[in-house]
Amino acid sequence: MSARQQVQNLLDFIDASPSPWHVVKTIEALLAAQTPPWQRLDETAKWSLQPGGCYYVVRDDSSIILFVQGQKPLAETGFKIVGAHTDSPGLRIKPNAASSTDGLVRLGVEVYGGPILATFADRDLSLAGRIAYKNDQDEIGSMLVLFDQPLLRLPNLAIHMNRTVNEEGLKLQKQTELPLILSGLTDEQLPPAYFSALLQQQTGVDAGRILSWDLAVYDTQKGVFWGKDSEFYADSQLDNLASCHAALQALLDPAAIPSDATRVCALFDHEEIGSQSNKGADGSFLPDVLGRIASATATATGSEDYARALAKSFMISADMAHAYQPNFPNAYDSGHKVTVNKGPVIKVNANHNYSSESVSAAMFADWCEQAGVPYQKYSHRCDMPCGSTIGPITSAKLGIRAIDVGSPMWAMHSIRESAGVLDHDYMIRVMKRFFAAR
Ligand code: CO
């Protein structure tokens, strides 16, 4: 498949997945179309796993772990894991969402993670997420909800009222200046179930039965190719759906199933807020699933063999990297400029904000060379705080060797990020090489 086609598939994947809950739904749809078939495992049921079997586990609708059970004993091969995250920073709708003032209805929002807030102004925004409701059997269920059309907006202040905006940048006060305009007010007063009634229209669930929701604000604009030769692409959520998509392409490669080693793709929600939750990378999800993989095979792995398996394991923590933007040379370490379309980036940080160390970096570099893929090395400026990833957290929890890598991109945490077409294909190729490595 051409690099361009890979990126078109990525853009389709992102555009179908405007919230972390939709990411998991999109992946499940992808799995349903695969041969061999993929089986969903329920965490409350007993598992019985077959060598060569393809399985996945979903925790709370927005984190998913997929694995292909290896043909050889775990202690011999270890786990080969690629980790990434399903969430992106942005705005989330507050519980008592709607309020009215001066003839307009607005939705109150909370900032999720660290978005570039100014990029949310003047975009064609809408809502995606899930509702929790009481069903006809009086049980609590959840259902995804998606508004396709632009529903919300954060209109900028005109320059005539904000004369210094180009000198000082657009500053938005988080409590008072972020509520999003939803509609003009037709009645004198806002009815109490105003927002639930809107959710009812979209889901068919009676407003009185909708008890709660998780709703993300997303940009309805679809992904595009850009540049003179369409060598770049742009969309929302490249951080980190580009890594999720690359990992899936490598794992689902039919030519690689079955395999000797157990291959795992662990895609977590809540990375952007620190990963501490029941489904985050700092929670028990991955240790639980790996432990159960070890104990649910026909030849159940004993505790010493499980420790041996972890000692043999490797994890690629895939998250996007900061590409050099020549308009802002002072933002980068001049010796560590990484360029779009020049290959995967090995991220190094002596204080271990990234999990990479010399041996794991050398192993990754070797896989790149074997795959015929160029690679680059990134180190953040010493006088700026460095971001982190799920890499250090998961490798510390499990005691396994890990590396932090990512494709270079511009404008991380903007609502409209961009990256290079070749890099996505490079990343898929090196991940395939990693899964196939001995
Ligand atoms: Co990220």
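**Cavities and cores**

Tutor: Happy to! Let's begin with a lining: Ala-242, Ser-243, Ala-246, Met-320, Gly-406, Ser-407, His-424 and Met-427 surround the second largest cavity. Keep in mind that this is a predicted model.

Student: How much space lies in that second largest cavity?

Tutor: About 40 Å³.

Student: And which helix gives the largest share of its lining?

Tutor: That is H6, with 3 residues. Helix H11 (421-436) is also one of the elements that supply at least two residues there.

Student: What classes of residue line it?

Tutor: The lining of the second largest cavity has 4 nonpolar residues, 4 polar ones and no charged ones.

Student: OK, how many cavities of 30 Å³ or more are there in the whole structure?

Tutor: The search finds 2. The largest cavity holds about 220 Å³ of space.

Student: Which residues lie nearest the centre of that largest cavity?

Tutor: Ser-88, Pro-89, Gly-90, Val-217 and Gln-237, out of 22 lining residues. By class, the lining of the largest cavity divides into 10 nonpolar, 7 polar and 5 charged residues.

Student: New topic! Where is Ser-236?

Tutor: Look at the loop between strand S12 (232-235) and helix H6 (238-252).

Student: Is Ser-236 buried or exposed?

Tutor: Buried, because its relative accessible area is 10%, and the cut-off for buried is under 20%.

Student: What does it touch?

Tutor: Leaving out residues up to four places away in sequence, Ser-236 touches Ile-14, Ile-415, Arg-416 and Glu-417.

Student: Last one: which residues touch the most other members in the largest nonpolar core?

Tutor: Among its 60 residues, they are Ile-27, Trp-38, Leu-66, Tyr-233, Ile-316 and Phe-364. H6 gives the most to this core, with 10 residues. Apart from that core lies another, of 29 residues, including Leu-91, Val-145, Leu-152 and Leu-154.

Student: What is Ile-316 in contact with?

Tutor: Setting aside neighbours within four places in sequence, Ile-316 is in contact with Ile-81, Val-82, Gly-83, Phe-364, Ile-403, Val-405 and Phe-434.

How values were computed: Residues are numbered from 1 along each chain as its sequence is written. This is a predicted model: local features need pLDDT of at least 70, side-chain atom pairs count only at pLDDT 80 or more; totals for chains, interfaces and linings use all residues. Side-chain values use heavy atoms; hydrogens and water are left out. Helices (H or I, at least four residues) and strands (E, at least two) are DSSP runs, numbered from the N terminus. Buried means under 20% relative accessible area, exposed over 50%, partly exposed in between (1.4 Å probe, protein chains only). Contact means heavy atoms within 4.5 Å. A nonpolar core is a set of buried Ala, Val, Leu, Ile, Met, Phe, Trp, Tyr and Cys residues joined through side-chain atoms within 4.5 Å. On a 1 Å grid over the protein atoms alone, a cavity is a set of points where a 1.4 Å probe fits but cannot get out, and a pocket is an open set with protein on both sides within 12 Å along at least five of seven lines; lining residues have an atom within 4 Å of a point. Grid points are joined across faces, edges and corners, and a volume is the space filled by probe spheres set on the points. Ala, Val, Leu, Ile, Met, Phe, Trp, Tyr, Cys and Pro count as nonpolar, Asp, Glu, Lys and Arg as charged, and the others, Gly among them, as polar.
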